[in-house]
Amino acid sequence: MSETIVALSSGALPAGIAVVRISGPATRDALQRVAGPLPLTRRASLRWIRNGGGEPIDRGLVLFFEGPTTVTGEDLGELHLHGGRAVVGACLETLTSLPGIRLAQAGEFTRRAFENGRIDLTEAEGLAELLSAETRSQHRQALAQSGGSLRRLYEGWMAQLVRARALLEASFDFSDEGDVASDVADAVRPALTGLVAEMDRHLAGARRGEILRDGFRVVIAGRPNAGKSSLLNALADRDVAIVSDRPGTTRDLIDVTLDLGGLPVRLTDTAGLRESEDSLETEGIARAQAAMAQADLVLLLSDGEASPDISDVPDRRVLPVRSKRDLFPAPDGMLAISTRTGEGLDDLIAAIGTAASNAVGDPAELVPTRVRHREIVAASRSRLAAVLVDAPPDEIFAEELRTVAERLGALTGRTGVEDLLDVIFSEFCIGK
């Protein structure tokens, strides 16, 4: 981090305003070279921005933030310019021509914030999800995580382990002191048993976290010409899939993500389920069956003919739907729709929204949002539960607690995450 980085941080050009951000040890010098005397820290100053030859680039606001109390933990500068490509290009060219300054890589500002202790790894991941959030629930979850909700939970767990370990170590380091109990292991066991139960509850919400992050998976299934592609187009309100009277038109999976009541719902159109000798159609049917096996909800369409057998999908995840309501009556109590007239579509959307809402549960509950979180918590929980059952001597008990606490430290980035950093921060855009 001896280099100073610079990037456009305000998004695609052209735009009304462009924000060029600078971070690192050469920030002060860079601002002085392009904008004259350094402005007062955290005060906006209207200046002419000039290139190396003294020619004006633009007139805009200049701000300086003195480290380490900045978002990156370093000296930080911002130039607020008119958002034209030529203006921003000339500004970046001027700044990168100065010694020790280069263009930032994707996520490098946030990575410096992490490495300088301004945020932890769960907060950094929350920022990445905040940038990609498309629905209200995703936004709410990402905002809470970027604000430290998961960090506080995981650090609370680590604090419990550290306290239990400290009591154990005191019991054999100061056993001759009268105020140190000899049965500390029995005293800390109930609290650690409660911690295992808390981890279990957290892991039980893993699927809800995946749904909030990636979407509630709804697969549209049925025989050829049951109206699956027409339904997908109707729900997406645009022509996503080809609709034809010819059976077997859909060969591959077609995905569309919708926002239903603030929840992300991922709809998948599939190949018609039937016996076929066509190799391409057979492959499409196999993919349809695989998608149904992984779906949170299967909309099983029928248009008067018998529905195909999907006995490998649990009944609780199947919603029978009679399509072509304008042509074929539906049995009593069965949801019926017509994509031609629009009848029943509002009821179907409401049913999908209810299923998604039930699957997510309370969106305010803290749940693991990534596979990385789930795997680390599960491994830590298993080791802690095992040591509680084995009841080893206090010295080994304390060492096991240290190991579990270190493993949990990987959640926040305290330990063992160096190999993950490039992957995590590459999710960000350049300038963030």
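Aspartate 303 counts as buried, because its relative accessibility is 13% and the cut-off for buried is under 20%. This comes from a predicted model. Aspartate 303 forms a salt bridge with lysine 324, with the closest N and O atoms 3.3 Å apart. Both partners sit in loops: aspartate 303 between strand 10 (297-302) and strand 11, lysine 324 between strand 11 (318-322) and strand 12 (335-336). The pair therefore ties together parts that are 21 residues apart in sequence. Lysine 324 counts as partly exposed, at 27% relative accessibility.

## Arginine 21 and glutamate 78

A second salt bridge joins the side chains of arginine 21 and glutamate 78, at 3.7 Å from N to O. It links distant parts of the chain, 57 residues apart. Arginine 21 belongs to strand 2 (residues 15-23), and glutamate 78 to strand 5 (residues 76-83).

Are these two residues buried or exposed? Arginine 21 is buried, with a relative accessible area of 17%. Glutamate 78 is also buried, at 12% relative accessibility.

## Glutamate 400 and arginine 383

Here the link runs between helices. Glutamate 400 forms a salt bridge with arginine 383, and the closest N and O atoms are 2.7 Å apart. Glutamate 400 is in helix 13 (residues 394-412) and arginine 383 in helix 12 (residues 371-390), 17 residues apart. Arginine 383 counts as partly exposed, at 30% relative accessibility.

## Network and total

Some charged residues join in a network of salt bridges: Glu3, Glu74, Arg102, Glu108 and Arg112. How many salt bridges are there by this rule? The count comes to 28.

Conventions
Residues are numbered from 1 along each chain as its sequence is written. This is a predicted model: local features need pLDDT of at least 70, side-chain atom pairs count only at pLDDT 80 or more; totals for chains, interfaces and linings use all residues. Side-chain values use heavy atoms; hydrogens and water are left out. A salt bridge is a side-chain nitrogen of Lys or Arg within 4 Å of a carboxyl oxygen of Asp or Glu. Helices (H or I, at least four residues) and strands (E, at least two) are DSSP runs, numbered from the N terminus. Buried means under 20% relative accessible area, exposed over 50%, partly exposed in between (1.4 Å probe, protein chains only).
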